[in-house]
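I opened this entry to record what I looked up about the contacts in the model.

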Amino acid sequence: MIRLLVVGGFLGAGKTTLINRLLARAERRFAVLVNDFGSVAVDAALLAAADASSMTLANGCVCCSIGDDFGLALERVAAGGPELVVVEASGVSDPWRIAQLALVEPGYELGPLVVLADAADLPRLLADPAIGDVVRGQLAYADIVVLTKTDLAGERLVQTREVVRTIRPQAHVIEARHGEVGLAELDFAVPHERARFLATAAHPFRTWTWRDPRPFDRGALRALLGALPASVLRIKGFCGLDEEAGDFLLQYAAERWSFTRSGAGAERALVVIGTQALDPAYLAADFAAALR
Amino acid sequence: MAVRVYSARRVVTMDATTPEATHVAVRDGRILGAGGPELLGFYPGAVEDARFAGKVIVPGFVEGHAHASEGMVWRRPYLGFFDRTMPDGSTAPGARTRADALERLRTLEAELPPGEPLLVWGFDPIYDDGPRLHRRDLDAISTSRPIVVSHASGHIINVNTLVLERSGFSADSNLDGLLRDADGLTGELMGPPAMQRATRVAGGGGLMQRLDEPGLRAFARQAARAGITTATDLQRKLDDETLDLMRRVTAEPGFPMRLVAALGAREYTLAEGVARIGQLLGTGNEKLHLGIVKLTVDGSIQGFTGRLRWPGYHNGAPNGMWYIAPAELEGIVAAYLRVGAQIHIHTNGDEASAVAIDALEHVLARCPRPEHRTTLQHCQMADAAQFRRMAALGMAANLFVNHIYYWGEQHAALTAGPVRAPRMNAAATARREGVPVAIHSDAPVTPLGPLFAMWCVVNRLTSKGRVFAPAERLDVAQALHAVTLGPAWTLRLDHAIGSIAPGKFADFAVLEDDPFDVAPERLREIDVHATVVGGVVCLP
Ligand SMILES: [Zn+2]
């Protein structure tokens, strides 16, 4: 499956800078989908081929314009077989609205929703009557908030961190001084198997896996998904449903979810990613109660 | 070249010096003058042309906000409530009841070759008090052929179960934009991500993206039928291929319309758009006018994507969307003004209008530009204070008065609410505060029809027959101005079109009845007999 990373944030938050740097220092083969194709400045030495709506880099990455239809763009870049697709949401759009589509887009799995915010400017933007609601809406479902321009924020950094925590307490907040964020930081970094619940600064997320070959009761599973605690950020995996033959792929993100029939005979297991408040005992009881 | 003097029952010139006439003299496609029978004596060899003897000649109507896709939407069947005229002149009948609409779909389905999707547009359930259209209704028409019913508002579609399945949407998907009931999804989808996906998997993606020659000709035919002699295509990617088409077709002597093609800023990055409009300035011909750029700031009010000021949407819906961030607008406006473009800004909600006015004020303070004529398109919720600022800044308003009839009741019930809805499209206030006023159809959103728009602004009636704010009515002369000289001014073409005056293009609408004689509530029933464009008669 291709991992999809949606990067949102208001104008001036530094999305283009971030994307330009990710492209220039790619370690994995990925595709970037951008709104404003003209703003992406790729070093000519790095460029292998380009046309009106896409650029191919020598390091194997591609950058394409989203155009009118986001789903179509996802389908197109998937054909190139990237490991990861990074989508730059436009500065005034709701990134969560487009991220959700990855829950049903064949071949994709939804990575974290990353939202950038200008640390020096965020409190002012939130107080602006014309755009405060838009900026708040962008942060409302973020898994990772990247604070940019922290070197310019001075004492406002404390206030910015506070407002982010109020809007989205579940989000992991990282600071990027000059757009310096590695791709690795923009993922659900979780500790290795053995140290799974030793959350550290480097591993802000927790993960837990539910394994049970028995099918769920469809209605009970839907009810469970509708009532999960806020500490659950993502669920992904395969399960059985009722008496139906075969497996279903389940994806859950921030109160939105989808299960679709899956061809593969993968192990029936659900991987849960959450904040440090994730409580496996509580979840295990709920999952068990939803079994058929 | 010979002088032709048309005689008519009456000539309404919209020219203050000679407001009334019975004759109009034309040479070389231009107006020599209007007056009485004495005109014949002024020009030796002049020929009287009495074919419009019983008719009323007014300046050719100017449609300041329409889209050439009006000539192309008819390739898909129409499922709207109201009868509409198609480019070939035949009537696309309205579906008055749910049963009518479903029967129409059943007939269409039976006529389609196997495998082809059934894609219809214009569905307007707001006149329908029954339950919302459900995928079960569409499944009864076909379970094996994709069906997509697009709503008139452009913000909702209904699909059958097959399309849901192909989209990966089911009762097991809990995503924004998918309406559900106790039985799972209803098949009603809202918002671009879900709508685009469903349309694409149904096989309807990519249709009607690019203007083609039959589409442009059909647009001109639709315009001529409505008495329009100059129409805008107010949001277009003006690439070489499209421009070549426009240049070639408009250069034909018989092409029955002047086209004003506005560059759609959202089709370009700012640098590209500015460069492109710079290349286009002054490269049109007598029937092709370039140099306008269209910016879109917010969405639509009936789709709840327009940006409203306090107290927001009456039904409590969250405020709408910015397509351009407020802080960004100033830079965009400055860049386009600097290169010499004229700017038309789509603002539906009053918060969007406020932002556009602010942006222009800041730009003009730094780099004054006389006669910029920046025009707010739709500008539906502007109040007296906003109109005063617009007047002071030299802006114009092209109001979407057709909304009063088509969506007025919905605005009262849901969007602007019962107090603000009747105040929308406040044409009289705009005029009183000194703002040049035009009115428009935004075709294909509502039908091309300046006489209908005049009827709307003169009567201010909703579809249920309620009057919205009689104090905001225009009289017939003001309404006629709002479909002739008013929009001509917003297009920087008032020196050439919009009134019957010496030196202007001989562009006329020839009407069967006199708009000043008929009862105001009958304005929309006046038939257009013909148009004259550059002296060439076009009978619809
Ligand atoms: Zn429009």
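**Interface entries**

I began with the contact between the chains of this predicted model: 34 residues of chain A and 28 residues of chain B take part. I noted a buried area of about 2400 Å² between chain A and chain B, with carbon and sulfur atoms giving 48%.

I then turned to the polar terms. Chain A and chain B share six salt bridges and 14 residue pairs in polar contact, both residues at pLDDT 80 or more. I looked up the salt bridge of A:R218 with B:D172, where the closest N and O atoms are 2.6 Å apart.

Next I asked which element gives the most to the side of chain A that touches chain B. I found β13(A), with five residues. By class, I recorded 18 nonpolar, five polar and 11 charged residues on that side. I also noted that β13(A) pairs with strand β12 (residues 173-174) of chain B in the antiparallel sense, over two bridges. A:S258 stands opposite B:S173 in β12(B).

I recorded 26 residues of domain 1 in contact with 18 residues of domain 2, and a buried area of about 2000 Å², of which carbon and sulfur atoms give 62%. I counted two salt bridges between these domains of chain A. I also looked up the salt bridge between the side chains of A:K236 and A:E109, at 2.5 Å from N to O.

How values were computed. Residues numbered from 1 in each chain as written. Chains lettered and ligands numbered in written order. Predicted model: local features only at pLDDT ≥ 70, side-chain atom pairs only at ≥ 80, totals over all residues. Heavy atoms only, no water. Contact = heavy atoms within 4.5 Å. Buried area = accessible area lost by both parts, 1.4 Å probe. Salt bridge = Lys/Arg side-chain N within 4 Å of Asp/Glu carboxyl O. Polar contact = N/O pair within 3.5 Å; in protein donor to acceptor, adjacent residues only side chain to side chain. Helix = DSSP H or I, 4+ residues; strand = E, 2+ residues; numbered from the N terminus. Nonpolar A, V, L, I, M, F, W, Y, C, P; charged D, E, K, R; others polar. Pairing = 2+ DSSP bridges.
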